[in-house]
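Please examine the sequence and the three-dimensional structure shown here. The paragraphs that follow lead through selected local features.

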Amino acid sequence: LTMTELYLSNSEVYQMSWKVAPEKASQEIIFTSSNPEIVSVSKDGLLTAVGVGEATITMVSKVNQEVTKEVNVIVESVNPADIETKKEVSITIEEEYQIIWQVTRKGASQEVEFESSNNSILEVDEEGCIKPKKIGKAFVYVTSKEDSSIRERITVEVTKVLVEEIQVFISEISLSLGESADLSYKVLPEDANQEVDFVYDDTALLIENNKVTALKAGTFLIDI
């Protein structure tokens, strides 16, 4: 969990997500709220904003109570019509996104400030251009320069570059029993994740480190 602060509107529900390192460690967590009258939390990490104010959500590993994390949750009153903008955005690690907004409160200035909840995942400049830094999820807060009570939150998910194609350079391999050969392929575009899974008959073939070894005679297919 990378976030340390979270803004919610009153009555909003939010599902916490987390990962305990290392990956093989127990992922079971105990959640507590410092102020359940402001934010309640279920045993599965589902937050419910029940009042305006602040509360601290504490996460403790069930198997090692020295492993903890705290998130400060600020619950604000609902002003849904004050700023109109896209509430959820998904972009890849390679692209930027320009926020488009309109302050709808009558007589209010259109000048706003932008703030990222986690600059290690994404940054946002003074013009509202979101620049991703790494894969993950963060929030961008849009706040009126004239009146800080005019505020909106955008949920931004930064994803990997989408895989468009797997290019296979050798479509047929002939092997003797016990013989090995390299599997030659490329994932496109080149800046996409190059990790792949192989689907094959593991009683007939062995695939390790992109090498295939023949274990028995016959003709077999490998799906990448």
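N210 is partly exposed, with a relative accessible area of 32%; buried means under 20% relative accessible area, exposed over 50%, and partly exposed in between, with a 1.4 Å probe and protein chains only. N210 has a positive phi of about 65° although it is not a glycine, and it is found in the loop between β20 and β21. Strands are DSSP runs of E with at least two residues, numbered from the N terminus. N209 is exposed, its relative accessible area being 77%.

This is a predicted model, in which local features need pLDDT of at least 70 and side-chain atom pairs count only at pLDDT 80 or more, while totals for chains, interfaces and linings use all residues. Residues are numbered from 1 along each chain as its sequence is written, and side-chain values use heavy atoms, with hydrogens and water left out.

Two cis peptide bonds may be considered next. One joins L188 and P189, with omega about -5°; P189 lies in the loop between β19 (185–188) and β20 (205–208). Another joins A21 and P22, with omega about -5°, and P22 is found in the loop between β2 (13–15) and β3 (29–33).

E5 is partly exposed, with a relative accessible area of 32%.

Methods. Helices (H or I, at least four residues) and strands (E, at least two) are DSSP runs, numbered from the N terminus.
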